[in-house]
Amino acid sequence: MRAKNELLCPAKKNISNGTREKRGMGRENELPCPANMMEEKRLRFCCQMKRGTILGDSDLLLSLLGNLVDNARKACKEGGQIILNGQKQDAGMYQVTVRDNGCGIPEQELGKITEAFYMVDKSRARREGGAGLGMAICERIVRLHHAEWTIASTLGEGTEITLIFPGKESGHEI
């Protein structure tokens, strides 16, 4: 991946993915985080992706990360912070975490956020242009990649989403 002007992730940050044919994406550092969208709210965005491999469909993986970062952006107030962190785990697995210090999600709503058309805050979703499909799509992408995810959130403090992608040794095909 190469860093583009509209991306906030600097070129020195690195993540390597594979496509369905298990070839490298060839697009290191092209994480979907448009700088102008972050600047509108004066958000701090920290991208710390360590070198590693995620086997999967590069377009779907970029869509997944882009959606999670965009949701974090929408949840943050002006001056908030979003952290995107990636690192290798045991057995060739790769962990990605998206953390924000936004408004958080009420505990009773967490089980519903992956339902199609569900919106925790309908007024914010309409204002931000949401349709309530993002997390349902993310869940499907996670399943297609035989990954696992956890969503932890505290109302008024923020949300942390952790994704764990299997390594080559898992034998999963996408």
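How far is the sulfur of C103 from the closest cysteine sulfur, and in which residue does that sulfur sit? I get 8.2 Å, to C76, too far for a bond. I keep in mind that this is a predicted model.

C103 itself comes out partly exposed, at 28% relative accessibility. Searching the whole structure, I found zero disulfides.

**Salt bridges.** The search of the whole structure gave me five. I looked at three of them one by one, starting with D70 and R73. Their side chains meet at 2.9 Å, N to O. Both sit in helix α2, residues 58-75, three residues apart, which is about one turn of the helix. R73 is buried, at 5% relative accessibility. I also noted that D70 and R73 join K74 in a network of salt bridges.

Then I went to E160 and R99, where the closest N and O atoms are 2.6 Å apart. E160 is in strand β7 and R99 in strand β5 (residues 94-100), so this pair ties together parts 61 residues apart in sequence. E160 is partly exposed at 29%, and R99 is partly exposed at 34%.

My last pair was E139 with R143, at 3.9 Å between the closest N and O atoms. Both are in helix α4, four residues apart, about one turn. I have E139 as partly exposed at 24% and R143 as partly exposed at 48%.

**Nonpolar patch.** Staying with helix α4 (residues 134-144), I checked I137, which lies in it. I137 is partly exposed, with a relative accessible area of 43%. Together with F117 and L133, I137 makes a nonpolar surface patch of about 280 Å².

**T162.** Back to strand β7, where T162 lies. T162 counts as buried, at 13% relative accessibility. Leaving out residues up to four places away in sequence, I listed its contacts as Q95, V96, T97, E148, W149 and T150.

**E169.** This one is in the segment after β7 (158-165). Buried or exposed? E169 is exposed, at 60% relative accessible area. Leaving out residues up to four places away in sequence, E169 touches A91 and G92. From E169 to A91 I noted 7.1 Å, C-alpha to C-alpha, across 78 residues of sequence.

Conventions: Residues numbered from 1 in each chain as written. Predicted model: local features only at pLDDT ≥ 70, side-chain atom pairs only at ≥ 80, totals over all residues. Heavy atoms only, no water. Helix = DSSP H or I, 4+ residues; strand = E, 2+ residues; numbered from the N terminus. Buried < 20%, exposed > 50% of the residue type's maximum accessible area, 1.4 Å probe, protein only. Contact = heavy atoms within 4.5 Å. Disulfide = S-S within 2.5 Å. Patch = residues over 30% accessible without salt bridge, like charges linked within 9 Å, V, L, I, M, F, W, Y side chains within 5 Å. Areas by Shrake-Rupley, 256 points an atom, 1.4 Å probe, with all protein chains shown as cover. Salt bridge = Lys/Arg side-chain N within 4 Å of Asp/Glu carboxyl O.
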